[in-house]
Amino acid sequence: MRQHLASARHDLSLEPRQAYAGSRIERAAFYRGDDAALAAMTADDRAHYYVIAGELAVLKKRGETFDPLFSPPEAAALGAARDAVFLGLMDEAPRFGAGLDAEAVAPLKARDDLKLIDLRTIAVQAIVAAEHVPPLAEAKSVLGWHARHRFCPNCGAVTALAQGGWRRDCPSCKAEHFPRTDPVVIMLAIAGERCVLGRSPRFPQTMWSCLAGFAEPGESIEEAVRREVHEEVGLTCARVRYFASQPWPFPSSLMIGCHAEALTDKIVIDRSEIEEARWFDRDELKLMLTRKHPHGLTAPPPIAIAHHIIRDFVEHGGDVLA
Ligand SMILES: [Zn+2]
């Protein structure tokens, strides 16, 4: 029987703005194996590249604003791309990603007409139009995978980019390798009106967030959530409810957001993973989300799925586990 917990409702009146998800790109995967079509799209007047150098996106300065789109000649003028990927079509216009070596970063950074910037800052500061953030994340993740997979993990031979950038092929053992996405569970353990947040040593001083960790081989999402909560704070969880997910291009994760029902109360912190953890009630979380906490405590910003997992609990209480 579905359990329905009556909880007071909070309306936070915050605009949802989760970064990297909600892409307008149509991936048009059927073109990936069609070299003639890919060549024709590269020559199309509407074709543009997103350019990634090392870990950074390359943007054109346009007065006070920034443009992430480079025409094929503009992209080529930045330097020889180590890898190029067909990202898909945006309003029928071909979109590609070009990956430059990390050594290209310093000379490009010295130029007045360009800005090189990480994708976290792009999302937090909203310095490019929102429609560009998901394809930049797509480009960074898949180009980063190419940069880290130049050699066949099966036999050690040098591999070659194939399928418009969506595969690497080994000429020696004929193995085919596909871009990876690493699943990360990120969750809020809940008991009644309270939930557990933790602090990692790398967080800003006042910020608290959801617990999180990589799902391991042989685990379901539910099992990974229960294991991570138990490892990090010693709590036992029962029900796990999926909330939403977010691509996270650092370097190539999929954040799988969940709420979990905590059956136990006593927190035992694993200091090798987190610095601090404690229970918070919904009223305190509301103050953190709206930046009105009397001690200045904060929750992650709306670009991160953690913000929305916490917000959903503040707005709907125990109903998130129904
Ligand atoms: Zn091989």
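Modeller: Helix H5 (133-148) and strands S13 and S14 each give at least two residues to the lining of the second largest pocket; helices (H or I, at least four residues) and strands (E, at least two) are DSSP runs numbered from the N terminus. This is a predicted model, where local features need pLDDT of at least 70 and side-chain atom pairs pLDDT 80 or more, while totals for chains, interfaces and linings use all residues. Residues are numbered from 1 along each chain as its sequence is written, and side-chain values use heavy atoms, without hydrogens or water.

Let's start with H5, the source of the largest share of this lining, 5 residues. The lining has 20 residues in all, and those nearest the pocket's centre are Arg27, Glu138, Ser141, Thr181 and Pro247. (On a 1 Å grid over the protein atoms alone, a pocket is an open set of points with protein on both sides within 12 Å along at least five of seven lines, and lining residues have an atom within 4 Å of a point.) The space inside comes to about 330 Å³. Sorted by class, the lining holds 11 nonpolar, 6 polar and 3 charged residues; Asp, Glu, Lys and Arg count as charged, Ala, Val, Leu, Ile, Met, Phe, Trp, Tyr, Cys and Pro as nonpolar, and the others, Gly among them, as polar.

Now follow S13 and S14 onward. Strand S13 (237-248) and strand S14 (253-262) also each supply at least two residues to the lining of the largest pocket.

The largest pocket has a volume of about 900 Å³. Its lining numbers 36 residues, with Arg120, Arg202, Phe203, Trp248 and Met255 closest to the centre. By class, these lining residues split into 22 nonpolar, 8 polar and 6 charged.

Looking at its backbone, the peptide bond from Phe250 to Pro251 is cis, and omega is near -5°. For background, most peptide bonds are trans.

Methods
On a 1 Å grid over the protein atoms alone, a cavity is a set of points where a 1.4 Å probe fits but cannot get out, and a pocket is an open set with protein on both sides within 12 Å along at least five of seven lines; lining residues have an atom within 4 Å of a point. Grid points are joined across faces, edges and corners, and a volume is the space filled by probe spheres set on the points.
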